[in-house]
Amino acid sequence: MINKIKIAVVGIGRWGVHLLRNFLEHPQVKVAAVVDPNPERLAAVKSQYKLDDTVLVTTEWHTIKQVTDLEAVVIATPASTHYSLIIDALNWGYHVLAEKPLTLDPGECWQLCQLAEKQQRQLMVDHTYLFHPAVERGQAVVQGGELGDLRYGYACRTHLGPVRQDVDALWDLAIHDIAIFNSWLGQMPVSVQATGRVWLQQEDTGNSFDNFSASSEVSPPLSDLIWATLTYSNGFQASIHLCWLNPDKQRRLAVVGSRGSLVFDEMATASPLTLLHGEFEVWENQFIPANQNQQVLHTETSEPLKRVCDRFINCICNQTPCAVSSGWVATELVQILAALTESLNQDGKPVFLDKNHYLLTSSE
C-alpha cells in the first residue's frame, strides 16, 4: 500500500469544490483537512462528499497545523488573501498549489517564490488552461511554423457573471488568455495597454474571506469591461476583450499568420481547436485568396484540472518545480497584470516591461 500524500484544501467556493473533488479522487492523495470561513458551506461539502471524522473540517486556518504529517496545502480563496496564507503554509513546511493569480502584487509573488526555494517546497499555481490538451497542441502548431509569419492575435472572454468582489474583470479573466498567448508564442510581452468601464460596482464591496488576513487591497472601482493589448518584441500584438456582464458567453482565442489562423474556441466542446489555412496570391494588382481549407485538430478529452492536480502531486514526489506553471511563471503573469492595471489607471497609456519582465514606470 502506498503512503498517500496528506493535503488540506483551503476555500471550497465555486472553484475550490472542483479542486476538492479531484484530490478526493486522486489515488496518491489523502485529503486530511478542509478549511472555509463559512460553516454552512463546510457542512454541505462534508455531506456531499461523505467526509469521515478523520478529515479535519474547520473554519480556522491555523488549525491545520494539528494534522499529523500534512504535506501540502491547496489554496482556493480570494486573491487578496493569497499572500498571507501562502507565506504561512511555506513557513510551516507545506507544498502549495494556489488558485490564480498567485497574489495581486509582483513583489509579493517574488517573495513567495524565494521563500519556496529556501524552504525547498513546491509552489505551483493553477493556470488550468496551460494544461488543456487543445492549448498544448496549439503551442506545437504555432511554434512549428504552420501559420507562417505570425501577424496578430485576438481573444474574447465574456459571460454573465460571476461578478467578483475582490478583483476586477482584468484580474479575474485576462490571466487565462495572457497565459495562452505567452505559451503559444514562447515569449512575454514587452509593453501593454488597457482601458475599461465600470457599471456594477462603483465602490469597494469588501472581502468575502475577511476572517483570513489579507495583505493586498484592490482599490475601487472594479472594472466590468476591459480592452487590453499585448505587444511582443517581434511586433506581434494580441487584443483581448473581457467582460463579465455579457449574456453571450464566449471563450475564443486566435493567432493569425501569413498562411492561416489557429482558433481555440472552448465553447465548441467537440472540436475546440481548428486550423484554418489560407493565404493570398498576387495577380497584377489584385490579392487573390488561395489554399483555403479547414482542419479540426483532435485532442484528448481529459479534464485539465485533473491534469493540474496530477502535476502538483508529481512535483511533490519528484521534488521538481512545474516548468509550465511554477511560482515564477505565475509571477511573470502577475507582473503583466500589474502593468495592465497601471495602464488602465492612466486611461490606456502604454506601460513597458523590461527584459526580465519586471514592471517599469509607464511611458512618458
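Helices here (H or I, at least four residues) and strands (E, at least two) are DSSP runs, numbered from the N terminus.

Two ground rules. This is a predicted model, so local features need pLDDT of at least 70 and side-chain atom pairs count only at pLDDT 80 or more, while totals for chains, interfaces and linings use all residues. Residues are numbered from 1 along each chain as its sequence is written, and side-chain values use heavy atoms, with hydrogens and water left out.

Now α4, residues 106-119.

Which residues of α4 are buried? Buried means under 20% relative accessible area, exposed means over 50%, and partly exposed is in between, with a 1.4 Å probe and protein chains only. The buried ones are P106, E108, C109, L112, C113, L115 and A116. Keep the helix geometry in mind: an α-helix has 3.6 residues a turn, so residues three or four places apart point the same way. What covers those buried residues of α4 includes α3 (82-91), β6 (123-126) and α8.

Look at the two ends. At the start of α4, a side-chain oxygen of D105 comes within 2.9 Å of the backbone nitrogen of G107. That is a polar contact: a pair of N or O atoms within 3.5 Å, where within protein one must be able to donate a hydrogen and the other to accept it, and residues adjacent in sequence count only if both atoms are side-chain atoms. Just after α4, Q120 has a positive phi of about 55 degrees.

That brings me to backbone exceptions. Most residues other than glycine have a negative phi, and most peptide bonds are trans. K50 goes against that, with phi near 55 degrees. K50 lies in the loop between α2 (39-48) and β3 (56-58). K50 is exposed, at 71% relative accessible area. Q319 is another non-glycine with positive phi, about 50 degrees. Its loop runs between α7 (304-318) and α8 (327-345). Q319 counts as partly exposed, at 36%.

Where are the cis bonds? One is K100 to P101, with omega near -15 degrees. P101 is in the loop between β5 (95-99) and α4. Another is G161 to P162, with omega near -5 degrees. P162 is in the loop between β7 (150-160) and α6 (169-185).

Next, S302. S302 sits in the loop between β14 (286-296) and α7, and is partly exposed at 26%. S302 and H132 are 170 residues apart in sequence, yet 8.1 Å apart in space, C-alpha to C-alpha. Leaving aside neighbours within four places in sequence, S302 is in contact (heavy atoms within 4.5 Å) with P133 and R307.

C113 is buried, at 3% relative accessibility. For C322, the nearest is that of C315, 4.8 Å away. C322 is buried too, at 4%.

That's my tour. Over to you.

Terms used. Disulfide = S-S within 2.5 Å.
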